[in-house]
Amino acid sequence: MIDRVRLINDFIELVSLPAASKKEGAVAAHLCKKLTALGLEHEQDEVHLVTGGECGNVWAYWPATLPDAPALFFEAHMDSVSPCGGTEVVRKDGVLYSDGTTTLGGDDKSGIAAVLEAVRSLREEGAEHGAVQICFTVSEEIGCLGAANLDKKRLLADYGYCLDMGGSLGEIVYAAPKLYDVEVTVTGKAAHAGLEPEKGVNALLLASRCLSLLPASGRLDEETTLSVNTMSAGVGTNIICPEAKFVIDMRCRNSAKLDGLLIKIQKELTAVVEEGGGSIAFAVKEGCPAMELGKEHPCILLASAAARALGAEPKLKTSGGCADSNYLCGYGLPCALLATGMSAIHTTAEFLKEDDLYDTARWVRQLILEAAKMKK
Ligand SMILES: [Zn+2]
């Protein structure tokens with residue numbers, strides 16, 4: 001069974017380490033020690049050669065005693081947002097807080113501690129199980145760098161579970177959007193603002209016409225969002241603005257639909273700018289791929305069954321954000337996003353209920369037990 005005291009102590013130890021993105025070396029070394037103690041094969045990959053961080057992702061593998069059962073993949077990230085690391089945990093009424101000077105680090109050490117304890121408990125009991133692969137990623141908080149750069153050939157599992165979300169036992173994200181960041185450059189023509197403004201073409205004005213086409217709410221429909229949140233323009237108050245740049249953040253849970261929307265937007269903005277005498281260029285940066293699993297995907301059904309076995313009714317949700325699970329889905333590994341109880345994340349008021357941490361470990365454990373009953 002899950003050892004609650006050991007689990008909480010593991011968590012407290014993990015968050016006491018440095019945790020900033022690209023500085024996960026101490027956490028990785030600590031986890032490798034833990035995995036050795038657990039008797040699991042493990043290694044670090046070399047994504048840091050691309051990301052510029054201290055270390056790569058930490059991978060571990062627990063070979064199956066039941067080779068016909070589906071193989072599972074569990075994932076959580078090692079970094080936290082600043083101010084973080086060296087957390088002094090304050091325990092009060094069954095809730096874990098920081099001392100107020102740092103984030104707690106429940107995002108995402110709650111996931112890491114839960115996975116370690118779940119596997120440890122099953123090994124102690126000598127439970128029969130399918131293969132289990134574990135990956136603790138780096139630099140999730142600065143653009144999912146560990147997940148975005150990992151070698152997909154390493155992925156061996158049938159279903160993946162990313163433990164990195166607020167909410168309680170049974171909350172499962174089954175769909176999340178693909179993201180494009182589109183940098184738009186509108187070029188006009190400089191001229192003196194007082195002497196001969198009519199000889200200029202005001203790029204800022206044309207850019208603002210582009211923006212006026214966008215929905216004020218940022219939401220186009222139930223599965224699509226689109227907004228512009230940064231802009232730069234101009235060289236002087238007395239010069240007709242020759243260039244303006246802005247970035248469109250556009251997301252949709254349906255990849256094909258997002259691609260269609262991108263083409264439509266490019267056409268519409270080009271028409272507006274050219275009509276005003278300017279020119280326009282687009283630099284499209286692909287963000288995360290979509291998670292498009294659907295509620296009936298076996299990966300989701302398995303997570304739901306495990307939650308039910310623990311007495312929790314599954315709550316299936318969609319997300320508008322990007323997580324490591326998006327990238328894993330992009331590599332072809334169906335990967336759901338599971339709640340760990342982390343709360344008020346990305347603030348120094350972050351907290352984690354001990355019961356939620358305990359439930360997360362039970363959920364991971366139950367997932368492995370449910371998978372053990374199945375055939376691939
Ligand atoms: Zn996180």
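Modeller: Contact here means heavy atoms within 4.5 Å. And this is a predicted model.

Biologist: Which residues have the most contacts inside the largest nonpolar core?

Modeller: F74 is one of them, along with F136, Y161, W363 and L367. That core has 84 residues.

Biologist: Which helix gives the most to this core?

Modeller: Helix 4, residues 106-125. It supplies 8 residues.

Biologist: What lies apart from that core?

Modeller: Another core, of 24 residues. Y180, L226, I265 and V273 are among them.

Biologist: Why would nonpolar side chains sit together like that?

Modeller: In soluble globular proteins, they tend to be buried together.

Biologist: How much of the protein counts as buried?

Modeller: 52% of its 376 residues.

Biologist: New topic. How many helices and strands?

Modeller: The protein has 10 helices and 17 strands.

Biologist: And what box do the C-alpha atoms fill?

Modeller: Roughly 85 × 45 × 40 Å along the principal axes.

Biologist: Of contacts between residues at least 6 apart in sequence, how many join residues at least 24 apart?

Modeller: 79% of them.

Biologist: What about the accessible surface?

Modeller: About 15,700 Å². Carbon and sulfur atoms hold 52% of that surface.

Biologist: Last one, charges. How far apart are the mean positions of the positive and negative ones?

Modeller: 2 Å, for 36 positive and 51 negative charges.

Technical notes:
Residues numbered from 1 in each chain as written. Predicted model: local features only at pLDDT ≥ 70, side-chain atom pairs only at ≥ 80, totals over all residues. Heavy atoms only, no water. Helix = DSSP H or I, 4+ residues; strand = E, 2+ residues; numbered from the N terminus. Buried < 20%, exposed > 50% of the residue type's maximum accessible area, 1.4 Å probe, protein only. Areas by Shrake-Rupley, 256 points an atom, 1.4 Å probe, with all protein chains shown as cover. Lys, Arg positive; Asp, Glu negative; His and termini not counted. Charge placed at Lys NZ, Arg CZ, Asp CG, Glu CD. Core = buried A, V, L, I, M, F, W, Y, C linked by side-chain atoms within 4.5 Å.
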